[in-house]
Amino acid sequence: GEIPTTEQVNALTAEFHARSTIPDHVESILRSLPASMHPMTQFSIGIMALQTESKFARAYNEGVRKTEYWKYIFEDNMDMIARLPKVAATVFHNTYNHGGAVPAYDSSLDWADNFTQMLGFDNQDFKDLMRLYMTIHSDHESGNVSAHANHLVASALSDPYL
């Protein structure tokens, strides 16, 4: 692939900002979970609770044609990516910060920077490390189990939240 232009990065950042809000019920569900519950279990519950906002599920229930599924799945995945930092930060604070408040989302920051500040870190080296880590982690090129699972869900035309 090619390195995106500044305009492309800014457009994607703006897109994520527009999609970043999680519904109140998702935050309530996450806050109700015991801190002793494994963080990945909490994270999974948070993702599954977001399913109430699924554009794919809504379109599927309305009888959308199979050839159009991809459009709604794409929208759901964009929503999910935009909301992951808030869900993950809530789990982090629930587990490691005695349920402390998650710092507010800041639309002047990019996706990775927002995640690190919602975790409660303000060190620039850590922010740079997390930006690099999240970029590398999101570009597995189908080489790991989670990428394989994603391909299976997509090929089965399944609801990405479930």
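Biologist: In this predicted model, how are α2 and α5 oriented relative to each other?

Modeller: Helices α2 and α5 run roughly parallel to each other. The label rests on an angle, and angles under 35 degrees count as roughly parallel. Here the axes of α2, residues 24–32, and α5, residues 69–96, cross at roughly 25°. Those axes come within 9 Å.

Biologist: Is the crossing of α2 and α5 left-handed or right-handed?

Modeller: The crossing in which α2 passes α5 is right-handed.

Biologist: Which residues of α2 and α5 make the contact?

Modeller: From α2 come Glu27, Leu30 and Arg31. The α5 side supplies Lys86, Val87, Thr90, Val91 and Asn94. Sorted by class, this contact of α2 with α5 has three nonpolar, two polar and three charged residues.

Biologist: Now the rings. How many aromatic pairs does a search of the whole structure find?

Modeller: The search finds seven aromatic pairs. One of them joins Phe121 and Phe126, with ring centres 4.6 Å apart.

Biologist: Why is the pair of Phe121 and Phe126 called tilted?

Modeller: Planes under 30 degrees apart count as stacked, over 60 as edge-to-face, and the rest as tilted. The planes of Phe121 and Phe126 stand at 45°, so the pair is tilted.

Biologist: Which residues form one aromatic cluster with Phe121 and Phe126?

Modeller: Phe92 and Tyr96 form one aromatic cluster with Phe121 and Phe126.

Biologist: What relative accessible area does Phe121 have?

Modeller: Buried means under 20%, exposed over 50%, and partly exposed in between. Phe121 has a relative accessible area of 36%, so Phe121 is partly exposed. Phe126, at 25% relative accessibility, also counts as partly exposed.

Terms used: Residues are numbered from 1 along each chain as its sequence is written. This is a predicted model: local features need pLDDT of at least 70, side-chain atom pairs count only at pLDDT 80 or more; totals for chains, interfaces and linings use all residues. Side-chain values use heavy atoms; hydrogens and water are left out. Axes are lines fitted to C-alpha atoms, for helices over the stretch in contact, and angles run from 0 to 180 degrees between N-to-C directions. Helices (H or I, at least four residues) and strands (E, at least two) are DSSP runs, numbered from the N terminus. Angles under 35 degrees count as roughly parallel, over 145 as roughly antiparallel, 65 to 115 as roughly perpendicular and the rest as oblique. A crossing is left-handed if the near helix is turned anticlockwise from the far one by less than a right angle, and right-handed if clockwise. Contact means heavy atoms within 4.5 Å. Ala, Val, Leu, Ile, Met, Phe, Trp, Tyr, Cys and Pro count as nonpolar, Asp, Glu, Lys and Arg as charged, and the others, Gly among them, as polar. Rings of Phe, Tyr and Trp (its six-membered ring) pair if their centres lie within 6.5 Å; planes under 30 degrees apart count as stacked, over 60 as edge-to-face and the rest as tilted. Buried means under 20% relative accessible area, exposed over 50%, partly exposed in between (1.4 Å probe, protein chains only).
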